[in-house]
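Here's a quick tour of one corner of this structure. Have a look at it first, then read on.

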Amino acid sequence: RALLATLDPSSFRGVISFGVAGGLDPALKSGDVVVATEVLAGDGRWLAGLTLNDELVARLAMGRRRVVRGGLAGVEQVIGARAHKAALWSETGAAAVDMESHIAAAYAEESGLPFAALRVISDPASRALPAIAMTAIKPNGDIDLRKVLRGVARNPMSLRALVSTGIDFNRALRSL
C-alpha cells in the first residue's frame, strides 16, 4: 500500500497482481495456476477487467501447468490452517487466497485502470502451513531464517512438514 501511494497511476495502462497463493479449492495442487475472474476481500469485490487472453492461458498450460479461472480471496494475514482455508472457500467460493491482489485491485479501481491477477498455488488446501513457517514470515513476505532454525531446533519433528512446504513452494515458483 505504501509503495502504491508513491506511484503516478497515469503512467500505467493496467495493474497485474502475480505471485503465489494458498489453495482454497481442494482440487488445486501446488504449481497450479489461477487466473483471477474476481477478487473478494471483506465487503469489496473487484472483477478482473484486464483480460488475460486465451492464447496466454494456453501457453501457460503448455508447460505442464494446470490453469484454472477462478476467484481470489484477499486477506490481511496468512491463512495456514486447513480448517481456515476450508471455511474461507465455503464463505467465498474463491479458488485461492493471497495478501496482495485485493490491494492491487483497489488501487486499479481508484486509479481507473484495468486489473488482472495470476496466482500460482504454493500451499494446497489439503496442507496446513507449519507453525514455524507462519511465525517466520516477515511483514515484507521474506522468511526469517533465524526463526526457522530456532523453531526446528526446538521442535525437530516439525522438519518434515517444513520440508514438504518448501517443496510445494519451490514447485509454485518454478510454475510462476
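Helix H1 (2-5), strand S1 (15-23) and H4 each put at least two residues into the lining of the second largest pocket. Helices here are DSSP runs of H or I with at least four residues, strands are E runs of at least two, and both are numbered from the N terminus. A pocket is an open set of points on a 1 Å grid over the protein atoms alone, where a 1.4 Å probe fits and protein lies on both sides within 12 Å along at least five of seven lines; lining residues have an atom within 4 Å of a point.

S1 is the top contributor to this lining, with three residues. Sorted by class, that makes six nonpolar, one polar and two charged residues. The space inside comes to about 200 Å³, counted as what is filled by probe spheres set on the points, with grid points joined across faces, edges and corners.

## About the model

This is a predicted model, where local features need pLDDT of at least 70 and side-chain atom pairs count only at pLDDT 80 or more, while totals for chains, interfaces and linings use all residues. Residues are numbered from 1 along each chain as its sequence is written, and side-chain values use heavy atoms, with hydrogens and water left out.

## H4, mostly under cover

Eight of the 11 residues of H4 are buried, meaning under 20% relative accessible area with a 1.4 Å probe, protein chains only. They are Ser101, His102, Ile103, Ala104, Ala105, Ala106, Tyr107 and Ala108. Just past the helix, Gly112 has a positive phi of about 70°.

Is His102 buried or exposed? His102 counts as buried because its relative accessibility is 6%. Its side chain makes a polar contact with the side chain of Glu76 at 2.8 Å (a pair of N or O atoms within 3.5 Å; within protein, one must be able to donate a hydrogen and the other to accept it, and residues adjacent in sequence count only if both atoms are side-chain atoms).

Skipping residues up to four places away in sequence, His102 touches Arg1, Val39, Ala41, Trp46, Gly74, Val75 and Glu76, where contact means heavy atoms within 4.5 Å.

Conventions. Buried < 20%, exposed > 50% of the residue type's maximum accessible area, 1.4 Å probe, protein only. Nonpolar A, V, L, I, M, F, W, Y, C, P; charged D, E, K, R; others polar.
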